[in-house]
Amino acid sequence: MSFGAGADTQFETMRGREFPAIRQFTIFLENRVGQLLEVVRRFEGTGIRIVALSINDAAECAFVRFLISDADRGREILERAGLAIIESDLVGVELPEGPQPLLRVCTALLQAELNIIQAYPLFMRPHGKPAVAIMVENIDLAMKTLNEKGFRIITEADLDGDGITPDDGF
């Protein structure tokens, strides 16, 4: 199975899946000043960048979800810090050119009867184009559907820094 326009590469993950999902990390932080800064600083000097971030605040804690440029090394850093983490697979998709690109992505997923659970933009633009990270109920079907509709799937390799340009708004 290949993904993206003209892609010939086969993907096999350690989890036994043959698709290039991107990994999201969720950590739980106390609602105290400086907690997020402490986590972000753990990546300082490592060459690992946070490429997407979502924070959901609750009364006693915050749920911080993020994507990083090197998920395997990033997981090691978070584990060494003693942080409780949850790792999830997301679909990364490049937004197509033209009006209402997100509408086109949502329409494709709706046609496959897939619900979007979470979504947030990437800070960096793989291949110079805007992209989003999406959590869906059935990642296999979502990737197959988006690929068949001609969308370019963003892989973890796309987050490594090569070919990434800063988002104009960040």
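**A note on Phe66 and its neighbours**

1. Leaving aside residues up to four places away in sequence, Phe66 touches Arg23, Gln24, Phe25, Ile27, Phe43, Ile50, Ala52, Leu53, Leu78 and Tyr120, where a contact means heavy atoms within 4.5 Å. Please keep in mind that this is a predicted model, with local features needing pLDDT of at least 70, side-chain atom pairs counting only at pLDDT 80 or more, and totals for chains, interfaces and linings using all residues. Numbering runs from 1 along each chain as its sequence is written, and side-chain values use heavy atoms, with hydrogens and water left out.

2. Phe66 sits in strand 3, residues 61-68; strands (E, at least two residues) and helices (H or I, at least four) are DSSP runs numbered from the N terminus. Because its relative accessibility is 1%, Phe66 counts as buried, the cut-off being under 20% relative accessible area with a 1.4 Å probe, protein chains only.

3. Now to the rings. The structure has three aromatic pairs, defined by ring centres within 6.5 Å for Phe, Tyr and Trp (its six-membered ring), with planes under 30 degrees apart called stacked, over 60 edge-to-face and the rest tilted. One of them is Phe25 with Phe66, tilted at 6.3 Å centre to centre and 40° between the planes. Phe25 belongs to strand 1 (residues 22-30) and Phe66 to strand 3, so this pair ties together parts 41 residues apart in sequence.

4. Phe43 and Phe66 make an edge-to-face pair, 6.2 Å centre to centre with 75° between the planes. Here Phe43 comes from the loop between helix 1 (35-41) and strand 2 (50-57), 23 residues from Phe66. Phe25, Phe43 and Phe66 form one aromatic cluster.

How values were computed: Buried means under 20% relative accessible area, exposed over 50%, partly exposed in between (1.4 Å probe, protein chains only).
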